[in-house]
Amino acid sequence: MRMRKALSGVFLTQAIPSSGTSLTDAHRYCQAQCARDPCCEGFVLNRNALGGGSILCGLMRTPSVLMCADQDWDVIGQGTANRVCGAGLSSNKLQRSFVFDFGGQEFNITETDPEASIVSFQSIYLQTTGSELAAADRSSCRSREKPPPVDASVEAGFEPLLEDGVVVDPTRSPPGLTYWLNKEDYNSQQALLWCLKRCDEEEQCSLVDVRQDDSELFHSCLLFPDSTVCGAYDKKLRDPCRPLLARRPTSAHKKRVDLSGPVKSFYSRVSFQKMVAYSVRSRVSLGNTALSAGFLDCERRCDEDPCCRGIGFVRDSKSPTGSEVVCLSLVSLGVQTCPEERSGGQGSGGQGSWTVQDCRPSAVETTPYPLGWYQKPVNHWTPSPALCPPFSLPPAQNVSLDQWNALDESAILVDPSLSAYDVVHISRDIAGDEDKTRDWCLHACQGAESCVALSISRTESATRCVLYPDTRACGPSSSPSSSSPASSCRLVLREPASQVYLKKERLPSATSVVIPGHGTLRGVAMETTLGSDRKSVVQYLGVPYARPPIGSLRFRAPEPAVWTGSRDATQPRASCLQPGDEESAATGEDCLYLNIFTPASLMGPVPVLVFFYNPSANQSPGLLDGSALAAVGNIVVVTASYRTAALGFLSTGSSGLPGNYGMLDQAAALRWVSAHIALVGGASRRVTGGSLFSPAALQSSSAARAQAAELASQLGCPTSDPSSPADEDKMAACLRQTPVHTLNAAQTKLLAASGPFQAWSPVSDGALSSVRRPIGRSPAHRLPLLMGTSAADGLIRRAAKIKDFQALAGAADAKTAFYAALTRSLGGEGSRAGVRQAASWFYGLQHSASPAGYSLLSRALNNATRDQFIVCPVQQMASHWASNKANVFLYHLPEDSVHHSADRAVPLDVQLAFGTPHHPISSQRFGSQGRRLSLALMTYVANFIKTGDPNRGQSGSRRVPGAALPRWGPVLPSPAPPQHQELGPGLPQRRGLRRAECSFWTQLVPLLNGETAELGAESVQATSTPNLSVTLPFGQSQTKKDGYN
């Protein structure tokens, strides 16, 4: 027999010491003893630890009930049952004794440690029909007691289960409890009632099947837990709900669910909108029941089901009525996605809406309240999960830990304000295998290109996986006094976690990329060094974004580039010709190229900076290298040349020469970046534009026409009559045919003689409609803005090559004429002589005709033009944009903040922002302070490119690792002078940059131009009332005034 226990029948028990006795010998002994006893119909063999170890042999009559089969759920440890399959011990702790029930015989035993007494083996052996049992007279044998009858009322708690109401699968056997009922004691109806009563007493029992044909002597009573499953994440919600059995039942009954009692558990709402993996136990339609009553019934159903861990009280929008409310009892809440804490930010834009899950509306509606998913308290979950229908986490495909780095605490920062994250919960019942759960979370992140990191922690009811985009925050890792500045990055998380993984950066297999419609660009990988940190950056140089604007394409909008095949992109191409440039291969008219610098190792698409800049002819190398900025900021940097001066903005206001070609070049470069930058790791929808910039008024078409006529006259070309299209066509044809360096020499001469008002600039009614309004006048333009100035910047330094060009061309008075032109520009175009006199006095422009005098004049004039044309307009622009609710960040680089001997061909602040102090070719020109300042500025700039805020990195967090950078405060909408970040030691916040000088240009000069014809020093003193906030250095010597300025 395969049963272990009888409830009765033992009439004689013999004990054998277990020492030296095997179970085989004991079995033979018992069998022989039973053969000799005419009343014996079988025996129980038991090995235990009683009395130092013994074997019990119990002779027995055929019992009325046998139980505890080898594979019953309580025997193999799947769960507990309301019965005892061992020895049947009941202890009396006061008397330190216990009662041992052995097949109906009871023994009182005293042990020093009754808890240690265990049964290691027990089995029942019965003689079968047709055995050699002698037909002796058994009248002397004690008669077996008949079991008491079972009350038939128990049948009301069950309902018959039809044959088609069961799923039969021989390969899947649900857990069960087995009883054999002696046919001499029970007829089939009595056996059914007995079996139903046992199921009613067993909490986990839901289904009963009584079989007659398993044995000649016994009825089989089989009890099963509820094995019903009617749907899961991979099945339709409306699939039928049927229990599972391994054999077709013969007399099956299912326990009825009692919904009359109170709700036993407090069900908490699950803060997720979707379940992508779950198991539904039952599905009940609410029908016409009120929502409140239906919700209570749904809770009671889960209460009565030991395997139920939660409910779904949802509306099925794809039901026949389109609005059917159903109660789903859930065996598992599975994988929960689309957290409600982020439901306000679902979408495709902004940091707060970042998600990797599909959170679009589905057929299962979970709003409004009380609809939703609800969880039973974890302490009310079944302690015997093996008795519930099996359900497991979907397998994760193609996950390898080799693709991930496990991070420790030193590589992590925690910022609860982090807004870019997504959350997935995996219910605890399917998250028992930690490795499998980890792999599933990794797979969820791996499936989204923008997901690069995740953290894993555990709550009471689930494993919590938080997924992140690239939230690494980078900053200077060395101390301010370090001679070898370095950068470090740490991953920013929203919450602490026990496990954190970061996707390994992808190393490119090649440094080439295929541009659709064109061909292959062959780039080069270069190593960038910052202190001890080395990173590889792939460069694609000299990439054409438009056709060369030469010949008939001069003074025309750019046309798409045309090239095919394989193209060498390892060397920069000529930049666009500028006034003052000598004939050189470094600059030219064929110049519409861009250079791309992308980190060699990327985890996904990264933000892009497009910086418009034309290296000068004498710049070495002729390239603004974006490698350091790309490496430090983990961004793609693009530098692009565009047409400037006459070649970029010459206009007559007509369709033949509409102007604004340089701005159209920038638009063409941005279109190229939008179309192709994803091929090299850039995010095409996260592009920031930048350039060298000087705030200036836009030209009218009439002013531009006069300017074009003057250039044409200088070149001997016919000047046009505005009313004669034919004349204009002749002038345009002549200007297009003029050799480019001849044209450049002519415009340089005009600039040297006429000053900045001869500079070509955008035409307000020219070819580009987006510049028809002055920048910043529309409140709709509220994009973040980062801008600044440098004390080393001024028109003399910016235009030094114009002066030098004229001198080289043989103009003996080039310096004098140049300085005179700049002096005439003071106060603005058409300013009165009194303004220039006031500016001359204010800045100390009086000088002697000597080298020392010209040196003083050069410095003072540089200060004056820098303030008038750069510093003060930039501050005005910053305040204006801030007043329009834009985030504006302003900086200033003082004269003595960096001790260096850098090439002044590139503005110093641009060199710092692009990491020039860290380039091997120029690192010796900067000290350690310059390298530290460059690293700080690159960090600020990279943050701004990623988030629009220099204080926040990719994650949106203000936390940065290492030596924290000071917070860069934005310009506030206030009439007070704007605050700025000073790019110097300590990076302090300052306010009132060049306050007196800007008051002079923005308040006093307009007053002088409007109210006086000519003012001397005495009149200036009288006009300088306190409300103008002008502080003039009266009574100071020339040397002191120069030092003051």
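Predicted model: local features only at pLDDT ≥ 70, side-chain atom pairs only at ≥ 80, totals over all residues.
**Confidence**

The chain has an average pLDDT of 83, and 83% of its residues score at least 70. Two stretches call for more careful reading. Over residues 130–135 the pLDDT stays under 50, and the model gives this stretch 3 contacts beyond four places in sequence. Over residues 344–351 the pLDDT is likewise below 50, and here the model has 15 contacts beyond near neighbours in sequence.

Strand 21 covers residues 324–339, and because 16 of its 16 residues are buried, it is largely enclosed by the rest of the structure.

| Partner of strand 21 | Residues | Sense | Bridges |
|---|---|---|---|
| Strand 19 | residues 272–285 | antiparallel | 10 bridges |
| Strand 20 | residues 310–316 | antiparallel | 7 bridges |
| Strand 26 | residues 422–427 | antiparallel | 2 bridges |

Individual residue pairs show where these strands meet. S285 stands opposite V326 in strand 21, while I311 has S329, also in strand 21, as its bridge partner. For Q336, the bridge partner is H425 in strand 26.

**R301, a residue of helix 3**

R301 belongs to helix 3, which spans residues 291–304. Is R301 buried, partly exposed or exposed? Its relative accessibility is 26%, and R301 therefore counts as partly exposed, since the buried class requires a value under 20% and the exposed class a value over 50%. Leaving aside residues up to four places away in sequence, R301 touches L259, V284, C327 and S329. R301 and C327 are 26 residues apart along the chain, and their C-alpha atoms are separated by 9.0 Å. S329, which R301 touches, is the residue in strand 21 that forms a bridge with I311.

**Helix 15**

Helix 15 runs over residues 851–883, and its 33 residues reach 46 Å from the first C-alpha to the last, which is close to the 48 Å expected at 1.5 Å a residue. Where is this helix kinked? The kink, of about 50°, is centred on D867. Helix 15 is followed by K885, which has a positive phi, near 70°.

Notes: Residues numbered from 1 in each chain as written. Heavy atoms only, no water. pLDDT = per-residue confidence, 0-100. Contact = heavy atoms within 4.5 Å. Helix = DSSP H or I, 4+ residues; strand = E, 2+ residues; numbered from the N terminus. Buried < 20%, exposed > 50% of the residue type's maximum accessible area, 1.4 Å probe, protein only. Expected span 1.5 Å × (residues − 1). Bend = angle between axes of the 7 residues up to and from the residue. Pairing = 2+ DSSP bridges.
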